[in-house]
4 protein chains.
Amino acid sequence: MTDPLIELRDALRRFAAERDWDQFHSPRNLATALAVEAAELLEPFQWLDGEKGATLSPETRAAVEQEMADVLLYLVRLADKLDVDLAAAARAKIVKNGEKYPVGKSRGSSRKYTEI
Amino acid sequence: MTDPLIELRDALRRFAAERDWDQFHSPRNLATALAVEAAELLEPFQWLDGEKGATLSPETRAAVEQEMADVLLYLVRLADKLDVDLAAAARAKIVKNGEKYPVGKSRGSSRKYTEI
Amino acid sequence: MTDPLIELRDALRRFAAERDWDQFHSPRNLATALAVEAAELLEPFQWLDGEKGATLSPETRAAVEQEMADVLLYLVRLADKLDVDLAAAARAKIVKNGEKYPVGKSRGSSRKYTEI
Amino acid sequence: MTDPLIELRDALRRFAAERDWDQFHSPRNLATALAVEAAELLEPFQWLDGEKGATLSPETRAAVEQEMADVLLYLVRLADKLDVDLAAAARAKIVKNGEKYPVGKSRGSSRKYTEI
């Protein structure tokens, strides 16, 4: 089995090389594109309160799936440019979050760690 | 080897279950949190024109790495809640992007596909 | 009475001139800063479903007020740099929105104009 | 002369009342819509490094103007719902920024106030 994050990284390297796009892929440009895609992903949810967000129309769902893919692709590309091991960083963040939000203090609460 | 996206998905399921946080993890809430994290990831780059974005201070770099981890974690969690196969969606998006940006027409250009 | 948008524009011009900051205030940098502030404004609402969003703690309310001010300041500054008359653009947009969302078709519905 | 922020507030009140849209205009929904519009405003700048951001095509400029209008309209509407005096908040923020960035320490530097 191939690690999908490595596989995507390599596919994006080829994609950019074939198009001579490395010149545009500065960390800042990629971080900007990622934020724009994340907002596009949020857009279909903006008027959906509470439960309604769980039931998207098939068209919206397909659009959401593509925006999620865009977010992942820019994230993988940015990680490549900054030489960040995404999976390791995410694992470390879960550990850190576990310390910020100990089970006993955060159970059933959505309060920020600075307020618990 | 374990697929890191599956491993992170499972770790986040446990994290939420231990804290009784599934009640807060509606797709809308997760999409909102993801967009907020993506903007935090963009923040250190906001005044860095051109080349400067490539050379972050060690502190900023560490912060950027954590924001990237946050984006990935919310994305993996959202994908779990919406039953989206992130790796498959990203692979499909690369294929689609290849059709929107054929090598011949997009080489060396940052123009949007609607303008090439 | 002074138009507050003009008054803020002039105050921001002085603020930037005193600090020699015009060099940093490219339209792109300002649009980036504005998006970052808009996400910071969204942050306190991210886990607040439905009604809860209406009752912020005094501290959160004060923070929200400051983020709203930041958004307005970057918007006024960007408008100045791009020579856009914000009030006129907003009035024109209300007229346009009225055409996209005729009262008869959009009453009581949050659907997008492309779907009504 | 009428204060444009008051005039826009009143026009948006009428717009929402005619369409029975107050039910959708929770602070959270408005803050989300504002962040989405701010990202749409950022979108045309995402690949424009440095100077290029200053010279937009007429079509892009018109789109940017409309996104700026959208940001202002959501901001004015959110301020109305939260009972915030936008102009006063912005004036107060300029004073505060002046204290965070004293002329002597911040002249010609884009560093954050926590780093000067």
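Mentor: Helices (H or I, at least four residues) and strands (E, at least two) are DSSP runs, numbered from the N terminus. This is a predicted model, in which local features need pLDDT of at least 70 and side-chain atom pairs count only at pLDDT 80 or more, while totals for chains, interfaces and linings use all residues. Residues are numbered from 1 along each chain as its sequence is written, chains are lettered from A and ligands numbered from 1 in the order in which they are written, and side-chain values use heavy atoms, with hydrogens and water left out.

Trainee: Where is Asp83(C) found?

Mentor: Asp83(C) lies in the loop of chain C between α3 (58–82) and α4 (86–100). Its phi is positive, about 60°, although the residue is not a glycine.

Trainee: Is Asp83(C) buried or exposed?

Mentor: Asp83(C) is exposed, at 68% relative accessibility. Buried means under 20% relative accessible area, exposed over 50%, and partly exposed in between (1.4 Å probe, protein chains only).

Trainee: And what about phi of Asp83(B)?

Mentor: Phi of Asp83(B) is near 60°, again a positive value in a residue other than glycine. Asp83(B) sits in the loop between α3 (58–82) and α4 (86–100) of chain B, and is exposed with a relative accessible area of 68%.

Trainee: How many residues does the contact between chain D and chain B take?

Mentor: Ten residues come from chain D and ten from chain B, where contact means heavy atoms within 4.5 Å. About 740 Å² is buried between these chains, with carbon and sulfur atoms giving 37%. Buried area is the accessible area (1.4 Å probe) that two parts lose on being put together, summed over both.

Trainee: How many salt bridges are there between chain D and chain B?

Mentor: The count is two. A salt bridge is a side-chain nitrogen of Lys or Arg within 4 Å of a carboxyl oxygen of Asp or Glu. One of them joins the side chains of Glu43(B) and Lys112(D) (3.3 Å, N to O).
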